[in-house]
Amino acid sequence: DSGVTQTPKHLITATGQRVTLRCSPRSGDLSVYWYQQSLDQGLQFLIQYYNGEERAKGNILERFSAQQFPDLHSELNLSSLELGDSALYFCASSPRPGLPGSFDEQYFGPGTRLTVT
Amino acid sequence: AQKITQTQPGMFVQEKEAVTLDCTYDTSDPSYGLFWYKQPSSGEMIFLIYQGSYDQQNATEGRYSLNFQKARKSANLVISASQLGDSAMYFCAMSSGSGNTGKLIFGQGTTLQVKP
């Protein structure tokens, strides 16, 4: 058990709908990362938050947004869902924000498997 | 551009034997970190081992060791004494840059099957 929790574990929804994925980082970790894993794109970084502030953005669609709350949990919102958004969405956490020359391992949650029908 | 390449889509190894999973990376930054993760069929991502670009010695964690060859830009994972529970997908990942935010770039993964 990594200490990172994600809910729900599975989500099935229809095209055009909106969903919210939730993540609680490990105790003491201030940095949260979201990744998408799909068959065609592999594992891709979406977005990072550190202590409530957005720190880095990757290949995140405009239909997707995220935030990190004062209690450090994070939510990833996916809207106007398309079939191609079906994927496994991971949240990961680390203690620090990522600093020049400093590289922390990230601990991953179990993922949320999203199926868009 | 930063890139991780894993050229072995699938590998087989006999139980109790050692196996090497290949990983090459590309970055122009002198400072970077290399990671290996394991993804069993259940789906979770499990951190295995880390190697920093300035580390003098190859990293080891139990049965896992990282064969780091900086000049070749390779960071191969060696699993000794393979066990049936090692059957999984393995991902090599990198974090780099003077503007490092910690985000990971992943390779395509290698599926390892351990035969009894």
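# Chain B and a sheet of chain A

Of the 116 residues of chain B, 52% count as buried, where buried means under 20% relative accessible area, exposed over 50%, and partly exposed in between, with a 1.4 Å probe and protein chains only. This is a predicted model, in which local features need pLDDT of at least 70 and side-chain atom pairs count only at pLDDT 80 or more, while totals for chains, interfaces and linings use all residues. Residues are numbered from 1 along each chain as its sequence is written, chains are lettered from A and ligands numbered from 1 in the order in which they are written, and side-chain values use heavy atoms, with hydrogens and water left out.

Chain B has twelve strands and zero helices; helices (H or I, at least four residues) and strands (E, at least two) are DSSP runs, numbered from the N terminus. The radius of gyration of chain B is 14 Å, close to the 13 Å that the globule rule gives for 116 residues, so chain B is as compact as a globular protein of that length. That radius is taken over C-alpha atoms, and the rule is 2.2 Å times the number of residues to the power 0.38.

| Property of chain B | Value |
|---|---|
| Span of the C-alpha trace along its principal axes | about 45 × 30 × 20 Å |
| Accessible surface | about 5400 Å² |
| Part of that surface belonging to carbon and sulfur atoms | 49% |
| Part of the contacts with a separation of 6 or more that join residues 24 or more positions apart | 55% |

Accessible areas come from the Shrake-Rupley method with a 1.4 Å probe; for residues, only the protein chains shown count as cover. Contact means heavy atoms within 4.5 Å.

One residue of chain B can be followed in detail. B:T110 is found in strand β12 (residues 110-115) of chain B and is buried, with a relative accessible area of 0%. Leaving aside neighbours within four places in sequence, B:T110 is in contact with residues including B:Q6, B:P9, B:L21 and B:Y90. A polar atom of the B:T110 side chain lies 2.6 Å from the backbone oxygen of B:Q8.

In chain A, four strands form an open sheet in the order β1-β3-β8-β7, with antiparallel pairing; two strands pair if DSSP finds at least two bridges between them. The edge strands of chain A, β1 (5-7) and β7 (64-68), each pair on one side only. Strands β3 (residues 19-24) and β8 (residues 74-78) of chain A pair over five bridges, and A:V19 has A:L78 in β8(A) as its bridge partner.

Key: A polar contact is a pair of N or O atoms within 3.5 Å; within protein, one must be able to donate a hydrogen and the other to accept it, and residues adjacent in sequence count only if both atoms are side-chain atoms.
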